[in-house]
Amino acid sequence: MSAASGASPSLRRSLLLWLLWPLLLIAPAAAGLQYVLALKPALRAFDHSLGATVISIGNFVRTSPQGLQFEMSAQTERSIRTNQTDAVFYVVTGPQRELLAGDPPLAEPPISLAAQEWHFYDARVFEQAVRVAALGVVCGDAVCQVRVAQTTGAREALRNDMLAGTALSLLLLTAALVVAALVATSRGLLPMHRLSRQLGSRSLADLRPLAASEVPREAITVVGAVNRLFERVDAGSAAQQAFLADAAHQLRTPLATLQTEAELAVMQPHPPELSATLHRISAAATRAARLGSQLLSLARSDAIARSATPTEAVDLKHLTSLAANEWVPRALAAQIDLGFELQSAAVNGNAFLLQEMLDNLLHNALTYAGAGAQVTVRTNSTRGVTRLEVEDNGPGIAPEDRERVLQRFQRGAQNLGRGSGLGLAIVSDVVKAHGARLLLKEGADGKGLLVRVTFESAARRQNTA
Amino acid sequence: MRLLLVEDDPALANSTMRALQSHGWTVDWSTRGEPVPQSVTQDHYDLVVLDIGLAGIDGFETLRRMRAKGSNTPVLMLTARDAVEDRVRGLEGGADDYMIKPFAVAELVARARVLTRRAQARTDDALTLGNLRMDLSARRVFVGEQALELSAREWSVLEYLLGRVGKVVAKEQILQSITGWDDALSENAIEVYVSRLRAKLEPAGLRIRTVRGFGYLLESVEGGT
């Protein structure tokens, strides 16, 4: 599943995408809102304390018979102007905007205010940004104005603190959600991974249905479909085997007729000029007959390897002993010394396939080793490793050809025009179907060919793996 | 020498018949298995060549009915099926040999010859091959008119081999067949008996071939079995 993620849509990725992109939109919006909503009252509190200073300064404006008076002790003025972080300015103006006390630049711009009317605004005084609170104060029949300004240091500090706080909480929230989303998708997809691992580790032949209890409800339809596919493949494989058995029967009989007729034609009296032709027909018929049988074997071994045909305990020694009666007379006819070194050699496998493998190995040895050669079949088993060997001291196969002759329809360079090129391919297929290993090397004394098939018991394979 | 061929494919039956006839055998042909048990008990046949895939009862069933009727006629089974269990089933069902189609005429003829020889070699109280005659009731062996002196063990080995002329016999099998409960014979001992027999049988035109690492094959030299 992960191997294909480059091309095909990933469930995990699309889940993450749909979880995370709303988060990327919503989280900043929420943070912005939080920032604005928290900042407003805080700034209002600042205005409020500024207003308190205005009121206390306003208390120093007095109406007396001599006119308007503003009397504030130097100590009071110092205490008003003293602030931890910010500079504080004030101004008091009379009804005609005449300066009564304080910092003249703050009197600009003129603002008309009724009595007890507040006005808060931002301005610049002495080239500094300030927040100004202005109040209309009753002085006699008229209205005076008190303005107090404070530089914005504390406000900026508050703004910055709140911004940092909001940003931090936004980051923490986002990080927590991303981690949660990653964990959730991984955990949520775990059963899918288990399912794909389970499927991936199956052998081709294992067509047992998947257990629905092990998968999440959402995957049950997939599992059901896979199980139905398994059933169809299994049925198809059974049908194929039945077809091949029929085809074998139907094809073998006319092939037998062809071969027999061709051989009879050679044996019967015939004009000498036909002799070469008849021999060629006979040889071709023999080859066609063998090729037909081998193709059927190949197709059948394919079908068996793909189907869930159960394995059985097969003793290669016993299998070889059965074959001996058939192959010794053939070896004698081919003037080949066929010998055996048989020890008990039990493997788990399919007897039909193993028989085909042995028949093809013996056929090859007898065909290619040449008259006068020695062919030896060995079976043995030590410590969970079981071997079948067929060795001859014939011409052998050149090292550079050994890989190639295992392919279907490939023959060694020495043997063009003889044989079908299927024998070793069948052997190779059977070896693969049994999880065994196939080795082609030169025989003893560097002469001839040694074919070795090595089976390892399941227990041993696990130990060494 | 008379053979019965049971084969439902006319073309193959025709060419197989001609192949066997060309070696001097008389061949009768049946397309079905049903009449075969009756035929082999009524008439004398030296061999039945029996196809497994027949219309009606198949070769296995035909063989079973033949043996049930008490026929000992050797049977060579032919099959177009390639499953190994067919071979085992055929041989366990009492077939004497087994060939998969398509086959080489020479091999069919050779195997048919071995089977008929083997059958002919056995009468009720004697085994014969070439000019060797083993009188089972008198427990005496003759090459022509000349009596042959054999030890008890040599006798057992020869009897076992003569019953399986032309067949590869494993040393283990000989050992099992001739040793009783309390005997402890080694395969080396079998080799000794065989080499003695070999010398004694040479004048009779019989040859015991050694199948390296496996066992022996008894054949008559001039007959080429």
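This is a predicted model: local features need pLDDT of at least 70, side-chain atom pairs count only at pLDDT 80 or more; totals for chains, interfaces and linings use all residues.
Visitor: What makes Asp51(B) buried or exposed?
Guide: The relative accessible area of Asp51(B) is 0%. Buried means under 20%, so Asp51(B) counts as buried. The residue is found in strand β3 of chain B, residues 47-51.

Visitor: Which side chain makes a polar contact with the side chain of Asp51(B), and how do you know that the term applies?
Guide: The partner is the side chain of Lys101(B), at 3.3 Å. A polar contact requires N or O atoms within 3.5 Å, one able to donate a hydrogen and the other to accept it. The pair Asp51(B) and Lys101(B) is therefore listed as a polar contact. Leaving aside neighbours within four places in sequence, Asp51(B) is also in contact with residues including Val6(B), Glu7(B), Asp8(B) and Leu78(B).

Visitor: How do you know whether Val27(B) is buried or exposed?
Guide: Its relative accessible area is 8%; with buried set at under 20%, Val27(B) is therefore buried. Val27(B) is found in strand β2, residues 26-30 of chain B.

Visitor: What is the separation of Val27(B) and Leu3(B) in sequence and in space?
Guide: Val27(B) and Leu3(B) are 24 residues apart in sequence, and their C-alpha atoms are 4.7 Å apart. Val27(B) also touches Leu5(B), Met17(B), Leu20(B) and Gln21(B), not counting residues up to four places away in sequence.

Visitor: Which residues of helix α7 in chain B are buried, and why do they line one face?
Guide: In α7(B), residues 171-178, the buried ones are Lys171(B), Ile174(B), Leu175(B) and Ile178(B). Seen down the helix axis, they fall within an arc of 100°, so they line one face. An α-helix has 3.6 residues a turn, so residues three or four places apart point the same way. The buried residues of α7(B) pack against α6, β10, α8 and β12 of chain B.

Visitor: How many residues of chain A are in contact with chain B, and what area do the chains bury between them?
Guide: In chain A, 39 residues are in contact with 34 residues of chain B. The two chains bury about 3100 Å² between them, 56% of it on carbon and sulfur atoms. On the side of chain A, Arg252(A), Thr260(A) and Asn325(A) lose the most area to chain B, together 17% of what that side buries.

Visitor: Why is the pair Lys317(A) and Glu172(B) called a salt bridge?
Guide: The closest N and O atoms of Lys317(A) and Glu172(B) are 3.4 Å apart. A salt bridge needs a side-chain nitrogen of Lys or Arg within 4 Å of a carboxyl oxygen of Asp or Glu, so this pair qualifies. The count between chain A and chain B is four salt bridges, and 13 residue pairs are in polar contact.

Visitor: Which helix gives the largest share of the side of chain A that touches chain B?
Guide: The largest share, 13 residues, comes from α4(A). By class, that side has 16 nonpolar, 14 polar and nine charged residues.

Notes:
Residues are numbered from 1 along each chain as its sequence is written. Chains are lettered from A and ligands numbered from 1 in the order in which they are written. Side-chain values use heavy atoms; hydrogens and water are left out. Buried means under 20% relative accessible area, exposed over 50%, partly exposed in between (1.4 Å probe, protein chains only). Helices (H or I, at least four residues) and strands (E, at least two) are DSSP runs, numbered from the N terminus. The arc is that of the directions from the helix axis to the C-beta atoms. Contact means heavy atoms within 4.5 Å. Buried area is the accessible area (1.4 Å probe) that two parts lose on being put together, summed over both. Ala, Val, Leu, Ile, Met, Phe, Trp, Tyr, Cys and Pro count as nonpolar, Asp, Glu, Lys and Arg as charged, and the others, Gly among them, as polar.
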